[in-house]
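I wanted to go through this structure strand by strand and then note the loops and chain totals. These are my entries, in the order in which I looked things up.

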Amino acid sequence: MSLLELRKLNKHFGGLHVTNSVDLTLRAGEIHCLIGPNGAGKSTLFRLILGEHHPGSGDILFAGENITALKSFARIHRGLSVKFQVPGVFKGLSVRQNLEIALQSRHRGRELEAEIGRLLAFLGLESEQAQIAGNLSHGQKQWLEIGMAVSLKPRLLLLDEPTAGMSPEETHMTGEMVQRLNADGMTVLAIEHDMAFVRQVAHRVTVLHLGQVFAQGSIDEIVADERVAAIYLGQAHA
Amino acid sequence: MTGLLAMFRRLEGPQTAGRGPAFWGLFALVLAVALAYPLFSDGYTVGNTVYFFVWVFIALSLCLIWGYGGSLSFGQTAFFGIAGYGYGILTINFGSAYGFTLVALVAAVAIAALFAVLLGYFMFFGRIAGVFLGIVTLAVTLMLERFMAQTAGPEWHIGTARLNGFNGMSAMPPLTIPWPGEPIVLFADVGLYYLVLGLLVFVYLALRILMNSSFGNVIVAIRENPERAEMLGYDIRKYQLITFVIGAALAGLSGVLYTVWGQYITPSSMGMTAAALPLIWVAVGGRSDLTSTVIGTLVVLAAFQALTIYGSQYALVFMGVLLVLTVLIAPNGLVLGVMNWLGRIATRLTQRAG
């Protein structure tokens, strides 16, 4: 069963065709990785799914409902959640406050305290809870934002380069975190450049190139595809 | 009962400086001194203190919108003026009998708030942010000033209330409380002092509770990262609008109390200088904290008034210098800087004692 369906999604910025008739279907329960060279339109596609940009034409269906015209916050209420490329935490507030703000619309009082505790443990940030979020290491900020995103208990989690700037160990831990979330029933769509991470978590991979879906399949199929190797080396139209 | 208790617990929290018995003991002491102060002072000085208190409401409004919400409104004086003129027009037309001045106070604040709903709707739902918000709000207050300044002719009147152009509107009745026998008229001395002090304490405590509530959490979240706040499912436009309207009501309250205090209001109260001064008070005090804003505003106002003895232009130059120094030395505010420093010392002492 499909959870997210993009139908002929087009987005222009002036003369630049950033996404060109993108068709993409996400199955409920899968971890799907979106890869492609810089400028392929991956982040723009995320912003279209989230409602930060509006497509020139095409439709976005989430759990069978057409959400193309909905505002961002309304899409979040439907069950979408995101971790941005640049860590989007509330830098001037404590780690605890960051999580409280994310959780307070669903939980109150003691239940809220318990949820914050549970999330801190999941993220391994218990000893940093009083720390100002801006002072965390880059990896910890990434985790905090993932924590805020998953606190909404979304049906679809969008991760834009969740391991950017992380060490190999941190990357592996992030992969395990994503797998645990997926095991709990969360569908994940991740933009990622780190192929070790993609290999660790992805059920399916879509390659985006020049705003179009270029290839799709398992990681082994994608790696074996010579055309994909060529676009990464800049020889797609050679 | 538990709800009430939870509300009072929010008097303290991460969004407001000052906590624990030491802080509230000091608060009670300051309040006791403020309550006893008129008994040991003359009517003029008490009236002058009321004048200082009156401005604290507009400073708090800016603290809320700018310091907590992150939206720099340069035009809080627009709401100040609208409410001030509103009170004048209502009371000049309908008089002060049957406690109408109190109704006029509330109505004038409501008119300012309603204007903020309209203006705020177009700004926040039109996604105007950052410096453009400052430009729009400044333009609105300057437009209102220009408009009111050209209403000198006799054709400019609402009912029996003449708008009077640049000379402003005057002779509106002071606040009058109906009382068996003789109504109590609150002239700008002891009577008005206690009313304004009471309002100030109420607004200060109410804002502390509001900012430490889940609503306050969202407001500071929007200041820190509006995109993230929206992606947590908050309709940030609504939160920004509500904050803007509460701020406008507070600025309006300042305007009505100012009009009541001096029994006059002029277009210059919405002009460039008037619009810029609250920014300086709030920036110098510490825009992201209520207590720092209150202390900073009172100190800077008292210093400003003392300096005007040597000439008001010198005092304005001093204000400019003060703002530059604040931005360079303590961008989060001088008073807040000192309060945080004292807090750190207190923590160190308790740790050593423990």
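I began with β3(A), which pairs with strand β9 (residues 204-209) of chain A in the parallel sense over four bridges; strands here are DSSP runs (E) of at least two residues and helices runs (H or I) of at least four, numbered from the N terminus, and two strands count as paired if DSSP finds at least two bridges between them. In this pairing I found A:Cys33 opposite A:Val205 in β9(A). I then followed β3(A) to strand β8 (residues 187-191) of chain A, where four bridges join the two strands, again running parallel, and A:Leu34 stands opposite A:Ile191 in β8(A).

I noted for all of these entries that the model is predicted, that local features need pLDDT of at least 70 and side-chain atom pairs count only at pLDDT 80 or more, while totals for chains, interfaces and linings use all residues, and that side-chain values use heavy atoms, with hydrogens and water left out. Residues are numbered from 1 along each chain as its sequence is written, with chains lettered from A and ligands numbered from 1 in the order in which they are written.

Is strand β3 of chain A buried or exposed? I found five of the five residues of β3 (residues 31-35) buried, so the strand is largely enclosed by the rest of the structure; buried means under 20% relative accessible area, exposed over 50% and partly exposed in between, with a 1.4 Å probe and protein chains only. Both faces are covered, with A:Ile31, A:Cys33 and A:Ile35 buried on one side and A:His32 and A:Leu34 on the other.

Next I looked at the open sheet of four strands in chain A, which has the order β2-β1-β4-β5 and antiparallel pairing. The edges are β2 (16-27) and β5 (65-66) of chain A, each with a single partner strand, so one side of each is left without a neighbour in the sheet. Within the sheet, β1 (residues 2-13) and β4 (residues 57-62) of chain A run antiparallel and are joined by five bridges, and A:Glu5 stands opposite A:Leu61 in β4(A).

I then turned to backbone angles in chain B. Most residues other than glycine have a negative phi. B:Arg127, however, has a positive phi near 55°; its place is the loop between α5 (100-125) and α6 (131-149) of chain B, and it is partly exposed at a relative accessible area of 45%. B:Ala171 also has a positive phi, of about 65°; it lies in the loop between β3 (169-170) and β4 (175-177) of chain B and counts as exposed at 64% relative accessibility.

Which residues does B:Glu230 touch, leaving out those up to four places away in sequence? I listed A:Ser72, A:Phe73, A:Ile76, B:Arg127 and B:Ile236, where contact means heavy atoms within 4.5 Å. B:Glu230 lies in helix α9 (residues 226-230) of chain B and counts as buried at 7% relative accessibility.

Last, I recorded totals for chain A, which has nine helices and ten strands. Buried residues make up 54% of its 238 residues. Among contacts between residues at least 6 apart in sequence, 66% join residues at least 24 apart. The C-alpha atoms of chain A fill a box of roughly 60 × 40 × 35 Å along the principal axes.
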